[in-house]
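Dear colleague,

I am handing over the structure we spoke about, and it is placed directly below. My notes on what was found in it follow.

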Amino acid sequence: FLVRVVFCLFAEDVGLLERGLFTRLVTRTGSDPKKFARHVGELFSVMSTGGDFLLEPIRHFNGSLFDAGAVLELTTKEIAAIGTAAGEDWSAVDVSISGTLFERGLNPAKRTQQGAHYTGRTDIETIVEPVVLVPLRREWADVRGNAEALLAADSKKSRATAEKLVLTFLERLKTVRVLDPAGGSGNFLFVTLQKLLDLERDVNHFLREHGFTPQFPQVSPLQLHYIEIDPYAHDLAQTVVWIGYIQWLRANGFHFPEEPILKPMGSNFLCADALFTDWPEVDFIVSNPPFLGNSLLRKGLSDNYVDGLFQRFENRIPKGSDLCCYWFEKAREQIKENKCKRAGLLATQGIRGGANREV
């Protein structure tokens, strides 16, 4: 419910919903919680399919976010808090707040159990830049150099060949697949998507500068893969990614995506235990897996879970290892089996010693 409200506040401020529609709904029904819940439920229902709400046309959003689900009957004080939040400009909301929403939404026991922690953009870029962007920029530099040499020849045939080289690289970009197997609130994937879109924009600028027709951005959230055990984070992450994508399109002068605005992520976004689930074949893995020291494993995860973990990774992970090491081992295995080209994961400084160091 909270994730839906946040998206509505964003949508009305960027014009995906009639401007001020959700805010007016809050203002006019705030003193009657039952009326508020009924109207909000009706709005969510129309957003799932497209149609009319209070004589206003509503786009088709869906993407599973507005599928049937409970609408909380809030108190007047809680509705007033939403009204206060609605007064802010949500069009340029920093989606990194989603990490804080996720972390604070967990009770302390759950937070410890899952090793949940917020990761800032600087730390995320420490991984995403060298793992994903450096090799792709290197590819683009080679393609651009070859294209420029062909353009210098200044013949019709060489221009056609140069254009084909660049368009082939654009095709490559829109097929790049990235996995975060400890996805949390989706910030790693959001940052990665934004940087892939930036690189695609640079390639399109090259086309325009040399008299060719640039393309509408083809890189999309559908290239992202995600695994997360917490259902709240799973729902939140999909919204974070789509908000970030829509923000990028607006900031770069493009229209909204075709309807449905929020495409279903389907099997790309799994709500599952990453250590007992097969990971998809991708190009890159970037993540900040949960950390939990060996002495806390059984207290935080239960004896049955830890025994199953030890059995599954027998002879691969020393039993004294931090929980995050299991993600490192699975990433290594993906590379060995040619199911991933490069992987980068953040971890606690403690993995430099003891059993962790062996992993």
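The chain carries 41 positive and 45 negative side chains, and the centres of the two sets lie 3 Å apart; Lys and Arg count as positive and Asp and Glu as negative, with His and the chain ends not counted, and each charge is placed at NZ of Lys, CZ of Arg, CG of Asp or CD of Glu.

Please bear in mind that this is a predicted model, in which local features need pLDDT of at least 70 and side-chain atom pairs count only at pLDDT 80 or more, while totals for chains, interfaces and linings use all residues. Residues are numbered from 1 along each chain as its sequence is written, and side-chain values use heavy atoms, with hydrogens and water left out.

Along its principal axes the C-alpha trace spans about 70 × 60 × 30 Å. Of the 359 residues, 47% count as buried (under 20% relative accessible area, with a 1.4 Å probe and protein chains only).

Leaving aside residues up to four places away in sequence, Phe22 touches Val5, Cys8, Leu9, Glu12, Val40, Leu43 and Ile82, where a contact means heavy atoms within 4.5 Å.

Among contacts between residues at least 6 apart in sequence, 74% join residues at least 24 apart.

Key. Buried < 20%, exposed > 50% of the residue type's maximum accessible area, 1.4 Å probe, protein only.
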